[in-house]
Number of protein chains: 2
Amino acid sequence: MAQKPAIPKGTRDFSAIEMARRNYIFDTIKRQFKLFGYKQIETPAMENLSTLMGKYGDEGDKLLFKILNSGDWMKNLNDEELAGRNSVKLTSKVSEKGLRYDLTVPFARFVVQHRNELQMPFKRFQIQPVWRADRPQKGRYREFYQCDADVVGSDSLNNELELLQLIDAVFADLGINIIIKVNNRKILAGIAEAIGAADKIVDITVAMDKIDKIGIDNVNAELRDNGISEESIALLQPVLTMSGSNEEKLDLIADMLKDSETGSLGVQEMREVIEGINDLGHRATVEVDLSLARGLNYYTGTIIEVKAADVQIGSITGGGRYDNLTGVFGMPGLSGVGISFGADRIYDVMNQLDLYPEEVETSVKVLFINFGEKESRQAMKYVRQLREAGIPAQLFPDSAKMKKQMSSADADHIPFVAFVGEQELADGSLMLKDMATGEQTNMTVDQLIDKLR
Amino acid sequence: MAQKPAIPKGTRDFSAIEMARRNYIFDTIKRQFKLFGYKQIETPAMENLSTLMGKYGDEGDKLLFKILNSGDWMKNLNDEELAGRNSVKLTSKVSEKGLRYDLTVPFARFVVQHRNELQMPFKRFQIQPVWRADRPQKGRYREFYQCDADVVGSDSLNNELELLQLIDAVFADLGINIIIKVNNRKILAGIAEAIGAADKIVDITVAMDKIDKIGIDNVNAELRDNGISEESIALLQPVLTMSGSNEEKLDLIADMLKDSETGSLGVQEMREVIEGINDLGHRATVEVDLSLARGLNYYTGTIIEVKAADVQIGSITGGGRYDNLTGVFGMPGLSGVGISFGADRIYDVMNQLDLYPEEVETSVKVLFINFGEKESRQAMKYVRQLREAGIPAQLFPDSAKMKKQMSSADADHIPFVAFVGEQELADGSLMLKDMATGEQTNMTVDQLIDKLR
């Protein structure tokens with residue numbers, strides 16, 4: 001019996017239209033990556049589980065897709081282990097490889113493995129799918145693309161400035177209005193220090209990060225629940241209620257952190273970044289946001305997050321400075337800064353605001369109608385000339401009913417249809433129909449090429 | 001202890017240079033796919049095992065990479081099954097999904113699943129990696145890309161002509177001299193019929209296919225071993241020794257197959273294809289090869305195979321006409337024709353003949369030397385102007401020793417280095433050094449943009 005075809009839940013087929021739209025986004029990002037001097041690399045879909053396990057926490061380990069060993073996959077299991085049925089513990093005995101979970105760990109592995117071939121600073125970008133065995137839900141998939149750019153081997157703040165310019169350029173090209181939020185991990189550490197709760201930095205920043213969602217009272221309540229003293233909470237209030245321009249915020253926090261070495265360094269870094277990007281020029285709104293606490297355990301300096309200004313959706317791009325990308329693979333102290341464009345959310349934003357140029361959905365520019373063998377042979381010659389001039393064109397392969405051929409042009413958003421009938425065959429011309437206006441014009445193929453090029 | 005990083009055997013990292021070369025190939029193929037009106041789709045890396053199993057023979061089933069079920073993967077196994085240790089039989093109880101093995105089965109699944117949304121004839125292309133748990137060896141990988149183009153829902157020979165033109169265009173763009181070999185499954189059936197061994201068509205064609213490798217005597221020996229009668233073998237000899245032009249071969253075989261309806265139809269199809277491509281024009285050598293028997297059980301009409309003329313390597317592209325792509329998924333009788341470009345072998349040929357344009361390895365056009373804060377800020381402004389003019393450029397992020405900065409330009413094949421020192425800062429210029437000639441020229445950034453654009 002025939003199977004009813006389906007794909008695994010949380011995965012997607014991409015139709016021609018969807019691919020055209022997605023490619024428009026990927027190509028835009030890729031073009032800017034290249035203009036900025038990032039070089040593309042690719043790593044395998046499968047990594048050894050020893051590379052992946054323990055890098056994403058216990059929850060992450062569970063969400064890794066594991067590949068069953070080939071051949072007799074039970075051969076490493078003894079009878080006792082089989083009887084014990086401890087799936088989690090036995091996974092490593094039936095599976096040695098997993099699908100990559102993000103692009104960061106494979107990149108770290110790549111840098112260490114190829115350290116002798118790489119020129120530092122090394123600017124790389126990578127656009128590849130990743131897989132997570134998450135529970136699928138709206139906007140969350142088990143296979144999705146990440147678009148990452150990183151520069152490692154340089155701790156200059158010029159790299160942060162470049163990333164901000166890159167973000168600005170990509171979203172300007174895409175036509176998405178954005179707010180780039182900037183913070184610095186050292187400022188967060190300074191705040192925790194200044195309010196006398198240095199050991200509670202994680203609790204404090206996790207609570208602060210929620211202020212937009214839950215409001216100041218609930219943030220304070222959460223701080224209390226986490227055992228932060230009333231005195232510390234009181235000292236934190238000016239940070240939570242801070243408003244004004246970026247410069248005003250920086251002046252306020254500089255004053256508050258003047259006795260914290262780490263905090264002052266963070267303020268200085270942030271000042272350089274904000275002044276630098278203002279000096280260089282930018283189109284996006286750039287906003288100092290001291291509540292931003294993205295990936296706290298990973299980032300060590302600048303933290304960046306991008307929000308769409310006109311659509312309610314989570315962060316569409318994020319990144320920051322880290323100081324120990326590769327330590328776990330035996331290469332400590334490698335500093336770098338990187339960002340990840342959230343392709344699927346950007347896709348949602350683009351769809352919602354309908355920001356695609358009209359040409360994106362047009363693949364073929366001219367469809368030649370098939371009137372039978374002799375006429376279609378001449379049409380194929382014209383099609384060949386068009387293609388060689390860089391214009392996508394095609395002949396309807398079958399000499400089907402006119403209605404069917406015309407409706408295929410409609411369905412495929414083909415803007416022009418060309419007729420080569422007996423008359424045109426005789427005088428070496430073609431009749432071109434503009435599908436938008438209905439207008440018909442007799443012309444030669446050279447004239448058509450001039451028109452469309 | 002730090003891990004020594006490695007990747008699973010049979011998989012590859014692609015460095016920046018390798019990616020630049022591979023992208024050159026993929027982009028060339030993709031550009032022609034689009035000019036020819038094929039539309040890109042993508043399918044998920046993971047398919048249900050019910051979609052994949054049984055489609056590639058018993059050997060193929062073994063070579064599928066299977067994904068271990070998430071969570072308690074042992075839960076579907078009873079104690080008896082565990083004790084039985086029959087890995088092969090139990091695989092389906094611990095794994096529901098597998099990685100795609102090729103692009104054909106996912107395409108067939110896609111066509112059936114989305115049949116109501118697709119406009120027929122449907123021309124699609126797909127460039128994605130596939131995975132096979134094959135024993136890795138030189139030139140054989142466990143992860144590799146396939147580049148497929150197919151048109152389904154039309155049985156016109158115009159589609160075959162298009163595929164031949166597409167092949168011709170792709171390899172002309174890449175600069176690879178090729179021989180396109182063409183055969184027809186119906187001619188092979190006709191030959192088997194004409195020599196009185198219709199039931200032995202597979203044995204006959206498998207033996208004939210080896211003629212280039214093992215010679216005519218060994219082909220005849222193999223035919224004998226397979227129980228083909230001496231009379232049949234004698235009748236086959238004119239086919240095996242056939243030489244001359246395509247037209248001469250077609251005349252010979254037409255005469256030999258004149259009493260076979262299937263065979264005569266095959267000859268007629270082949271004649272139309274050969275005459276058609278000659279009429280349309282082609283740069284590659286197109287050769288009728290009656291011993292070609294690629295994918296015999298799958299193809300039903302035209303069979304196409306491409307060899308590199310200047311490099312000893314197997315087929316670098318192949319395809320043909322099929323009549324029942326989707327029957328197994330409950331949609332019988334869908335005819336189509338497709339080809340698959342062997343990206344990895346094409347890559348090997350390109351490398352061996354060193355056919356890449358020089359620009360392929362150049363990413364950044366100009367590197368600005370970093371002389372410190374004030375100078376580098378001005379340099380960043382120039383870099384921004386260059387990028388906005390579409391010219392990849394960058395500033396060395398750190399004000400490192402001149403020697404280090406210059407050698408990074410060398411290592412990255414950057415053709416120009418720009419200096420903005422005190423003097424240039426004062427007069428609003430830059431000093432450009434041509435890395436090939438050593439020549440230095442003072443100019444403005446606008447002049448530089450004009451020069452490089």
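His413(B) comes out as partly exposed, at 41% relative accessibility (buried is under 20% relative accessible area, exposed over 50% and partly exposed in between, with a 1.4 Å probe and protein chains only). The model is a predicted one, in which local features need pLDDT of at least 70, side-chain atom pairs count only at pLDDT 80 or more, and totals for chains, interfaces and linings use all residues. Residues are numbered from 1 along each chain as its sequence is written, chains are lettered from A and ligands numbered from 1 in the order in which they are written, and side-chain values use heavy atoms, with hydrogens and water left out.

Back to the backbone. His413(B) has a phi near 55 degrees, a positive value in a residue other than glycine. It sits in the loop between helix H16 (402-411) and strand E14 (416-419) of chain B; helices (H or I, at least four residues) and strands (E, at least two) are DSSP runs numbered from the N terminus. Arg85(B) also has a positive phi, near 55 degrees, and belongs to the loop between helix H4 (79-84) and helix H5 (87-94) of chain B. With a relative accessible area of 27%, Arg85(B) is partly exposed. Then there are the cis peptide bonds: one joins Met120(A) to Pro121(A), with omega at about -5 degrees, and another joins Met120(B) to Pro121(B), again with omega at about -5 degrees. Pro121(A) falls in the loop between helix H6 (104-113) and strand E5 (122-131) of chain A, and Pro121(B) in the loop between H6 and E5 of chain B.

Helix H6 (residues 104-113) of chain B has 8 of its 10 residues buried, so it is largely enclosed by the rest of the structure. Among the buried ones are Phe107(B), Arg109(B) and Phe110(B). The cover over the buried residues of H6(B) includes strand E2 (46-48), helix H2 (49-52), E5, E6 and strand E10 (317-322) of chain B.

As for charge pairs, the whole structure holds 54 salt bridges over all chains, each being a side-chain nitrogen of Lys or Arg within 4 Å of a carboxyl oxygen of Asp or Glu. Arg22(A) pairs up with Asp344(A), with the closest N and O atoms 3.2 Å apart. That pair links distant parts of the chain, helix H1 (residues 16-35) and helix H14 (residues 343-353) of chain A, 322 residues apart. Both Arg22(A) and Asp344(A) are buried.

In chain B, Arg31(B) and Asp173(B) form a salt bridge at 3.2 Å, N to O. Arg31(B) is in helix H1 (residues 16-35) and Asp173(B) in helix H7 (residues 158-174) of chain B, so the bridge ties together parts 142 residues apart in sequence. Arg31(B) is partly exposed at 42% relative accessibility, and Asp173(B) is partly exposed at 33%. Arg124(B) and Asp150(B) meet at 2.8 Å, N to O, in another salt bridge. Here strand E5 (residues 122-131) carries Arg124(B) and strand E6 (residues 143-152) carries Asp150(B), so parts of chain B that are 26 residues apart in sequence are tied together. Arg124(B) is buried, with a relative accessible area of 0%, and Asp150(B) is buried at 8%. Finally, a network of salt bridges links Asp168(A), Arg283(A), Arg384(B) and Glu388(B).

Note on methods: Contact = heavy atoms within 4.5 Å.
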